[in-house]
Amino acid sequence: MSSITKFEGHWLDAKAIIEKEIDRVWLHEPEEIQKIRWGIIDSGAGSGEQSFSVLVHLEAYLMLVGADVMYRFLKISQYDDMQLPTLNRITREFLTATFNVFEFMTDLGLTNMHAMGQMYSDALDTLATKEEYVELTGAMMTYVIRMHRWIHYIFPWNLGVAFPHRKPEELFALTKVLPVI
């Protein structure tokens, strides 16, 4: 159950708001991303008072929700035997019902994501056709993917050098220098 007030508008109104958000974040690093980059997480998310795990979760969830799950929704919307009510139900089940991924992303510092996601979910009630579903979901997917690109851009990929691949031969050579227990 969401703590956000139910969106009562038409899906075209929701789409226009989402597109305005896309415009806001398209070219310039949004303020919420800047805060996350500097480790300012208003909710306090990040165990041990660190923000690295926040970046890891945002990197994973934004990629999964946008480029994977929402893309699949658009794909299955093209199936002739997929009806709009079923499509809406599946969409809500994955995004807002059992575990609200948008609320989680807001806890991680993306301040608008819960409101945007809940508005998107509520606006599904006003759709009349699967073509309208594609327009609304396509806008929301674009927004999520764009936010993922910002997180991907600021992620500290340089930390990866601390975790190099190892070859079995290297590990075997190590056993020769370690004392037998």
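Predicted model: local features only at pLDDT ≥ 70, side-chain atom pairs only at ≥ 80, totals over all residues.
Which residues does Thr96 touch, not counting residues up to four places away in sequence? The second legend answers this question.

Figure 1. Helices (H or I, at least four residues) and strands (E, at least two) are DSSP runs, numbered from the N terminus. From that end, the elements run α-α-α-α-α-α-α-α. The radius of gyration is 20 Å, well over the 16 Å that the globule rule gives for 181 residues, so the chain is more spread out than a compact globule. This radius is taken over C-alpha atoms, and the rule is 2.2 Å times the number of residues to the power 0.38. The C-alpha trace spans about 70 × 40 × 30 Å along its principal axes. Buried residues make up 39% of the 181 residues. Buried means under 20% relative accessible area, exposed over 50%, and partly exposed in between (1.4 Å probe, protein chains only).

Two notes apply to every view. Residues are numbered from 1 along each chain as its sequence is written, and side-chain values use heavy atoms, with hydrogens and water left out. Local features need pLDDT of at least 70 and side-chain atom pairs count only at pLDDT 80 or more, while totals for chains, interfaces and linings use all residues.

**Figure 2. Thr96 sits in helix α4 (residues 84–97).** Thr96 is buried, with a relative accessible area of 13%. Leaving out residues up to four places away in sequence, Thr96 touches Phe102, Gly117, Gln118 and Ser121. Contact means heavy atoms within 4.5 Å. Look at Gln118: 22 residues separate it from Thr96 along the chain, and their C-alpha atoms are 7.4 Å apart. Now look at Ser121. Its side chain makes a polar contact of 3.3 Å with the side chain of Thr96. A polar contact is a pair of N or O atoms within 3.5 Å; within protein, one must be able to donate a hydrogen and the other to accept it, and residues adjacent in sequence count only if both atoms are side-chain atoms.

**Figure 3. Helix α6 (residues 113–123) is largely enclosed by the rest of the structure.** Ten of its eleven residues are buried. Among them are Met113, His114, Met116, Gly117 and Tyr120. What covers the buried residues of α6 includes α1, α3 (52–76), α4, α5 (101–107) and α7 (130–154).

**Figure 4. Leu87 is another residue of helix α4.** Leu87 counts as buried, at 0% relative accessibility. Setting aside neighbours within four places in sequence, Leu87 is in contact with Phe73, Ile76, Ser77, Met82 and Tyr133. Leu87 and Tyr133 are 46 residues apart along the chain, with their C-alpha atoms separated by 8.7 Å.

**Figure 5. Glu29 lies in the loop between α1 (11–26) and α2 (31–37).** Its side chain joins that of Arg37 in a polar contact of 2.7 Å. Not counting residues up to four places away in sequence, Glu29 touches Gln34, Arg37, Trp150 and Ile154.

**Figure 6. Glu49 is found in the loop between α2 and α3.** Is Glu49 buried or exposed? Glu49 counts as exposed, at 81% relative accessibility. Check the backbone too. Phi of Glu49 is near 55 degrees, a positive value in a residue other than glycine. Most residues other than glycine have a negative phi.
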